[in-house]
Amino acid sequence: MAFSGPKCRVVVTGMGAITPVGLNVEEYWRNLLAGKSGAGAITYFDASAYDTKFACEVKGFDPMKYMDRKLSQRTDLFTQFALGATEMAMKDSGLNLEKEDRERIGVVVGSGIGGMWTYHKQQETVWQSGGPHQISPFFIPMMISDIAPGRISMRYGLKGPNYATTSACATSSHAIGDSFMLIQRGDADVMITGGAEGAICPMGIGGFNAMKALSTRNDAPEKASRPFDKDRDGFVMGEGSGILILEELGRALKRGAKIYAELAGLGFTADAHHITEPAPGGEGAVRSMRQAIRDAEMLPEDVDYINTHGTSTPVGDKSETAAIKTVFGERAYKMAVNSTKSMIGHLLGAAGAAEAIATIMSIYENKVHPTINLETPDPECDLNYIPNTARDWKINVAISNTFGFGGHNASLLFRKYQA
């Protein structure tokens, strides 16, 4: 995946997050360190007939903080999350758009599913009204995944590269990787990138239940997401948005920007194996991590920490553990390895960006959050997953993994910024 031309360095200068455990990056990070679970009974609809009756919902989100009522009525929840997280990231970055060339600023923000709530509500309208003529003219513009980056570009007048990525759980890692390459190619100086998802709805929960992918631990939702634990039984649905501001290093330094970390390498691969199950031994994940390390011109022994895909599924966690051992050998047992999903659930297309933020904060503060609910070790998952309590950990280099249905693998390598 390495770009063959001369490489510029790309750094992270702003972040925004709306998650089940925090409505901004600071709150999100502090609750991750505290081991707080975002899981609880579903409140968005009556889930009593569903096999899974809980999820990691975003609590207390008010779209009116980020848009007027008219816009809120014409945007799906996932776009509202994206606009909110982008506003935070832009403020955090300190970018003064009055002094910027907006043709050199782009937006790549993905969603795995897009406007699921909009689709659900408009389908109900058809059923209840008895015909198609009651469908809103805003139905399609509210539903399609690419409307989030479109809305962001319109809000800020940004005319650089603009599109959405969709690759299931790997969506926003692909968005971040694409943005990285666009800057390296010289097609943009600054990229707003990440992902957003809002699919905790009847068809979202029902669909994943039909696949037997979700945990059904309804008696203890906060204990349901338990990556690498012997008693794991599926993932927990989450929602929200994570947005990063990526910037070419030279211009970031010139304007005196705060630099959280450097994005130094990426690996994109495919399993070409099965629509939902990973390749045996995590073969695709192995190549993804190795590509990211090679792209950064580093060695496996340079990596200190891995933020895993870690979904809490029986096959997935075992496969990722095997992949880490293959890539890192004995060093695998000396690294910090954890799963953000143990607390925020699986944000689907937004997972990669939300977890990249956790990875970056770990580098920035030399701390790793716990993997909660790790109570009964799985003999096949025997790495240091930072069980239940945060740890201080010196981190210079970290990898964030995301692997999606369809066999999509993405690994992002971040490192502590050094001049």
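The model is a predicted one. Its sheet is open and consists of ten strands, arranged in the order S5-S4-S6-S7-S1-S8-S14-S13-S9-S10 with mixed pairing. The edges are formed by strand S5 (162–163) and strand S10 (336–338), each of which pairs on one side only. Within this order, strand S6 (residues 190–197) is joined to strand S7 (residues 240–248) by eight bridges in the antiparallel sense.

Helix H11 (residues 314–328) lies across strand S9 (305–307), S10 and S13, and its direction makes an angle of about 140 degrees with S13.

Helix H7 also packs against another helix. Two packed helices are described by the angle between their axes and the distance between the axes. For H7 and helix H13 (residues 351–365), the angle is about 70 degrees and the axes are 5 Å apart. Because angles of 65 to 115 degrees count as roughly perpendicular, H7 and H13 are placed in that class. On the H7 side, the contact is made by Ser172, Ser173 and Ile176, and on the H13 side by Ala351, Gly352, Ala353 and Ala356. By class, this contact of H7 with H13 comprises four nonpolar and three polar residues, with no charged residues.

Thr86 belongs to helix H3 (residues 77–93). Its relative accessibility is 0%, so Thr86 counts as buried. Apart from neighbours within four places in sequence, Thr86 is in contact with Ile152, Tyr156, Ile192 and Ile243.

The cysteines remain to be considered. How many disulfides does a search of the whole structure find? The search finds zero. A disulfide is a covalent bond between the sulfur atoms of two cysteines. For Cys201, the closest cysteine sulfur is that of Cys56, at 16 Å, and this is too far for a bond because the cut-off is 2.5 Å. Cys201 is buried, with a relative accessible area of 0%, whereas Cys8 is partly exposed, at 21%.

Notes. Residues numbered from 1 in each chain as written. Predicted model: local features only at pLDDT ≥ 70, side-chain atom pairs only at ≥ 80, totals over all residues. Heavy atoms only, no water. Buried < 20%, exposed > 50% of the residue type's maximum accessible area, 1.4 Å probe, protein only. Pairing = 2+ DSSP bridges. Helix = DSSP H or I, 4+ residues; strand = E, 2+ residues; numbered from the N terminus. Contact = heavy atoms within 4.5 Å. Axes fitted to C-alpha atoms, helices over the stretch in contact; angles between N-to-C directions. Parallel < 35°, antiparallel > 145°, perpendicular 65-115°, else oblique. Nonpolar A, V, L, I, M, F, W, Y, C, P; charged D, E, K, R; others polar.
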